[in-house]
Amino acid sequence: MNCPDCGGPQTPGVAQIRRPVVWALFIAGFVLAYVLGGQLLHDLAEGMDRAHLPLWKMAVPVAVLLTAVAAAF
């Protein structure tokens, strides 16, 4: 594989994810945390049975933010 800029040989390496994609992942994670976390806190403050709390509302933003952190490096 040759470099498109200089024509020299390229070695395979780690692919970098574009910064706008990383920023979009962070923004999506924080928006999800705000929306879903607010709903989860509302259910918790309302006194809903803790055994039936929708904990996926906490796991989804955490997963998106961890993906964003991994994509940043």
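Colleague: Okay, where is Ala 15 found?

Modeller: Bear in mind that this is a predicted model. Ala 15 sits in the segment before helix 1.

Colleague: And why does Ala 15 count as exposed?

Modeller: Its relative accessibility is 68%, and exposed means over 50%. So Ala 15 gets the exposed label.

Colleague: What makes Arg 18 exposed?

Modeller: Arg 18 has a relative accessible area of 67%. The cut-off for exposed is over 50%, so Arg 18 counts as exposed.

Colleague: Then why is Gln 10 called partly exposed?

Modeller: Gln 10 has a relative accessible area of 36%. Buried needs under 20% and exposed needs over 50%, with partly exposed in between. So 36% makes Gln 10 partly exposed.

Colleague: Let's move on to the loop. Where does His 52 lie?

Modeller: His 52 is in the loop between helix 1, residues 19-45, and helix 2. With 57% relative accessibility, His 52 counts as exposed, because the label needs over 50%. His 52 is also 26 Å from Ala 28, C-alpha to C-alpha, and the two are 24 residues apart in sequence.

Colleague: What about Lys 57? Which helix is it in?

Modeller: Lys 57 lies in helix 2, which covers residues 56-72. Lys 57 is buried.

Colleague: How do you know that Lys 57 has no salt bridge?

Modeller: The nearest side chain of opposite charge is Asp 43, 4.1 Å away. A salt bridge has to be within 4 Å, so Lys 57 has none.

Colleague: What does the side chain of Lys 57 make a polar contact with?

Modeller: With the side chain of Gln 39, at 3.1 Å. The limit for a polar contact is 3.5 Å, so that pair makes it. Setting aside neighbours within four places in sequence, Lys 57 is in contact with Leu 36, Gly 37, Gln 39 and Asp 43.

Colleague: Now the whole chain. How many helices and strands does it have?

Modeller: Two helices and zero strands.

Colleague: And why is the chain called more spread out than a compact globule?

Modeller: Its radius of gyration is 20 Å, while the globule rule gives 11 Å for 73 residues. The 20 Å value is well over that, so the chain is more spread out than a compact globule. Along the principal axes, the C-alpha atoms fill a box of roughly 65 × 20 × 15 Å.

Colleague: What percentage of the chain's residues count as buried?

Modeller: Of the 73 residues, 21% do. The accessible surface comes to about 5800 Å², and 70% of it belongs to carbon and sulfur atoms.

Key:
Residues are numbered from 1 along each chain as its sequence is written. This is a predicted model: local features need pLDDT of at least 70, side-chain atom pairs count only at pLDDT 80 or more; totals for chains, interfaces and linings use all residues. Side-chain values use heavy atoms; hydrogens and water are left out. Helices (H or I, at least four residues) and strands (E, at least two) are DSSP runs, numbered from the N terminus. Buried means under 20% relative accessible area, exposed over 50%, partly exposed in between (1.4 Å probe, protein chains only). Lys and Arg count as positive and Asp and Glu as negative; His and the chain ends are not counted. A polar contact is a pair of N or O atoms within 3.5 Å; within protein, one must be able to donate a hydrogen and the other to accept it, and residues adjacent in sequence count only if both atoms are side-chain atoms. Contact means heavy atoms within 4.5 Å. The radius of gyration is taken over C-alpha atoms; the globule rule is 2.2 Å times the number of residues to the power 0.38. Accessible areas come from the Shrake-Rupley method with a 1.4 Å probe; for residues, only the protein chains shown count as cover.
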